Amino acid sequence: MTSREEQFRQRLMATFRAEAEEHVKGIVQGLASVESSLEEGTPVQSDQLEPVYRQFHSLKGASQAVGFDDVGRICQAAESVLSTWKSDPTKANRDEVVHILEMAVQAASMLEISIPVGLELSEAPPSSEGRSL
């Protein structure tokens, strides 16, 4: 790889990681909204789920484009659950919200990005407590 190609690859990866971090932030914020509805006993709405689904979808495509196929598979699994919920929001439940959060944390870890402090769910897995992954 030439020096120019390496510089391009480094810029591409820096841009990708910055965008991936924004996707993960959006995912966690969206899941926090879903969790809040579940805890309050208010019905989860499709419009709460759609942004989370889109963030996973965007992260999947971007990850696969730069060679992070395992992250793409994690995102696809989360999309499958979210797709079911979008069809019937009453199927959303806290256990699966936590599981989807764990998927986001795993993807972030694989991409070496962090979960922003203060965006964790109330009983999130220990690895999501604002630490750099």
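Colleague: Which residue forms a salt bridge with Lys86?
Modeller: A salt bridge here is a side-chain nitrogen of Lys or Arg within 4 Å of a carboxyl oxygen of Asp or Glu. For Lys86, the closest N and O atoms of the pair are 2.8 Å apart, and the partner is Glu50.

Colleague: How many residues apart in sequence are the parts that Lys86 and Glu50 tie together?
Modeller: This is a predicted model, in which local features need pLDDT of at least 70, side-chain atom pairs count only at pLDDT 80 or more, and totals for chains, interfaces and linings use all residues. Residues are numbered from 1 along each chain as its sequence is written, and side-chain values use heavy atoms, with hydrogens and water left out. Helices are DSSP runs (H or I, at least four residues), numbered from the N terminus. Lys86 lies in helix 3 (residues 69-87) and Glu50 in helix 2 (residues 46-65), so the parts tied together are separated in sequence by 36 residues.

Colleague: Is Glu39 buried or exposed?
Modeller: Buried means under 20% relative accessible area, exposed over 50%, and partly exposed in between (1.4 Å probe, protein chains only). Because its relative accessibility is 53%, Glu39 counts as exposed.

Colleague: Which helix holds Arg94, the salt-bridge partner of Glu39?
Modeller: The closest N and O atoms of Glu39 and Arg94 are 3.8 Å apart. The pair links distant parts of the chain, 55 residues apart: Glu39 belongs to helix 1 (residues 3-40), and Arg94 to helix 4 (residues 94-111).

Colleague: Where do Asp70 and Arg73 lie?
Modeller: Their side chains meet in a salt bridge at 2.2 Å, N to O. The two residues are three residues apart, about one turn of the helix, and both lie in helix 3.
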